[in-house]
Amino acid sequence: MSALRELLDLPPVELDWPEGLPGHLSPSSLTLYARCREQWRQRYVLGRKERPNVNMLWGSADSRAAEHNYRQKIQTEKDVPVDEVREQFAVSFDESVELAGGDSEVGWEKSGGHAQVKDRGVALAAAYHLTAAPRVQPIAVEERIEVNVPGVPVPVIGYPDVETLGTLIERKTSARKFTTPAGNYLAQA
């Protein structure tokens, strides 16, 4: 609509941003809004968080394990030993569970339990580290990106997992293999 306003030489429309809403948007908040406006309202307007799930905890620990390697690789241009990545995943996973309120607050019913999920995560983090990480030379890790979108009164802020020369890498963990990016990841891209 802003292109039409420019074509017709109309002034930009200034939108009011209601008090109490976040001072920025994120790719994940935009994805949630597109998927379910009521869930977005519950989370961002009313401040009600979802019960932590196994996938979120796994993804967080996996991200921290890779970040641990890539942060130092910016300087050394070498990957850390795989056992260091395994340990980082294990420690980060346990920390994520504790931050979520402990084992009793996590829905382990379909996953096999804390120990099994952690063991599978350690194995996956090690496999990524041995197969994919050697081909990545980062120049930045989890660096803030802020985009001001015309007509949107607050910025969109994101933190890409890894930046290489000319490319941003957004890592995802999933129970199934994707040959193309899943639709709900497109906002992050």
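How many helices and strands are there in the protein chain? The protein chain has 6 helices and 5 strands, where helices (H or I, at least four residues) and strands (E, at least two) are DSSP runs numbered from the N terminus. The model is a predicted one, in which local features need pLDDT of at least 70 and side-chain atom pairs count only at pLDDT 80 or more, while totals for chains, interfaces and linings use all residues. Residues are numbered from 1 along each chain as its sequence is written, and side-chain values use heavy atoms, with hydrogens and water left out.

Read from the N terminus, the elements follow the order α-α-α-α-α-α-β-β-β-β-β. The chain comprises 189 residues, of which 32% count as buried; buried means under 20% relative accessible area, exposed means over 50%, and partly exposed lies in between (1.4 Å probe, protein chains only). A contact means heavy atoms within 4.5 Å. Among contacts between residues at least 6 apart in sequence, 60% join residues at least 24 apart.

Leaving aside neighbours within four places in sequence, L57 is in contact with F93, S96, V97, A100 and V106.

Helix 5 has 18 residues and reaches 26 Å from its first C-alpha to its last, close to the 26 Å expected at 1.5 Å a residue; the expected span is 1.5 Å times one less than the number of residues. Its buried residues are V82, V85, F89, A90, S92, F93, S96 and V97, and what covers them includes helix 4 and helix 6. Just after helix 5, G101 takes a positive phi of about 110 degrees.

Helix 4 (residues 54-76) contains N69. N69 counts as buried because its relative accessible area is 1%. The side chain of N69 reaches the backbone nitrogen of V80 at 2.8 Å. Not counting residues up to four places away in sequence, N69 touches K78, D79, V80, V85, H129 and A133.

The loop between helix 4 and helix 5 (82-99) holds E77. Phi of E77 is near 60 degrees, a positive value in a residue other than glycine. With a relative accessible area of 59%, E77 is exposed.

R71 also belongs to helix 4 and, at 41% relative accessibility, counts as partly exposed. The C-alpha atoms of R71 and I139 are separated by 8.7 Å, although the two residues lie 68 residues apart along the chain. With residues up to four places away in sequence set aside, R71 touches V141 and E142. E142 is found in the loop between strand 1 (140-141) and strand 2 (145-147). Phi of E142, a residue other than glycine, has a positive value near 55 degrees. E142 counts as partly exposed, at 24% relative accessibility.

How values were computed: Polar contact = N/O pair within 3.5 Å; in protein donor to acceptor, adjacent residues only side chain to side chain.
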